[in-house]
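Welcome, and thanks for opening the viewer. Let us walk through this model one selection at a time.

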Amino acid sequence: MLFILLGVLLLHLIILILLIVSTAASAWSVGGEKSTDLWYSCMTSSGSYHCKHASNEDWIQAVQALMILSCIFCFCALLAFLYQLFRMVKGGQFFFTAIFQILASVFVMCGAIIYTVMRPDDKTITHFGYAYVLAWVAFPLCLISGLIYIVLRKTE
C-alpha cells in the first residue's frame with residue numbers, strides 16, 4: 001500500500017509541475033520567429049527578442065484564469081491528500097482530494113479547448129508549441145489521478 005500511495009503522490013507532483021510549466025511557458029503557439037503564450041507575444045528579429053503583452057480579448061483572459069485555477073486546485077488537492085493521509089481514519093476514502101483533482105482536470109481541459117478554437121489568427125504562427133501539448137498531457141493524467149483518489153482507501 002505504501003508503494004501505491006507513493007506512486008499516487010509522485011503522479012500528483014508530476015501533474016502539478018506539468019500544469020505550472022504549461023501555464024508559465026512561452027510556447028503555446030509557435031512559428032518561425034514568433035511565439036505566443038497566455039501572457040506575451042514575442043518575436044525574434046535580427047538577433048533581438050521583443051515581447052508585448054497578450055491581447056486583452058476575453059477568450060485569452062478566460063484561458064489564463066482557467067489555467068491558473070487548474071494549478072490552484074491541483075495544489076489544493078495535494079494539500080488535501082497530505083492532510084487526509086495523516087488525519088483520516090483507517091478505511092476512509094480520499095473524496096475531497098478527488099473532487100479537487102477532477103475540477104483541476106476540467107479547468108485545464110476547458111482552457112485548452114478555448115485556446116484551440118480561438119487561438120490568434122496570425123499567418124506566421126504555424127503550429128502549437130510544447131506548453132500547449134503539456135496542458136493536453138496534464139488533462140488525462142489529472143483526470144486519472146482524480147479517479148484513483150476516488151477508488152483509493154486509507155489503510156495502515
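Start with strands β2 (residues 34-36) and β3 (residues 40-45), which run antiparallel and are joined by three bridges. Helices (H or I, at least four residues) and strands (E, at least two) are DSSP runs, numbered from the N terminus, and two strands pair if DSSP finds at least two bridges between them. Select Ser 35 and you will find Cys 42 of β3 opposite. The hairpin from β2 to β3 passes through three residues.

Before going further, please note that this is a predicted model, where local features need pLDDT of at least 70 and side-chain atom pairs count only at pLDDT 80 or more, while totals for chains, interfaces and linings use all residues. Residues are numbered from 1 along each chain as its sequence is written, and side-chain values use heavy atoms, with hydrogens and water left out.

Pick Tyr 40 to see its bridge partner in β4, His 53. In the hairpin of β3 and β4, two residues lie between the strands, and Ser 46 takes a positive phi near 50°.

Now for the rings. Those of Phe, Tyr and Trp (its six-membered ring) pair if their centres lie within 6.5 Å; planes under 30 degrees apart count as stacked, over 60 as edge-to-face and the rest as tilted. By this rule there are 13 aromatic pairs. One of them is Phe 81 with Phe 94, a tilted pair at 5.2 Å centre to centre with 50° between the planes. Phe 94 also forms a tilted pair with Tyr 149, at 6.5 Å and 55°. For an aromatic cluster, select Trp 28, Trp 59, Tyr 115, Phe 128 and Tyr 132 together.

Stay with helix α4 (residues 130-151) and select Cys 142. Is Cys 142 buried or exposed? Cys 142 counts as buried because its relative accessibility is 1%. Leaving out residues up to four places away in sequence, Cys 142 touches Ile 15, Gln 101, Ala 104 and Ser 105 (contact means heavy atoms within 4.5 Å).

Finish at Gln 84, in helix α2 (residues 58-87). Gln 84 counts as buried because its relative accessibility is 12%.

Definitions and conventions. Buried means under 20% relative accessible area, exposed over 50%, partly exposed in between (1.4 Å probe, protein chains only).
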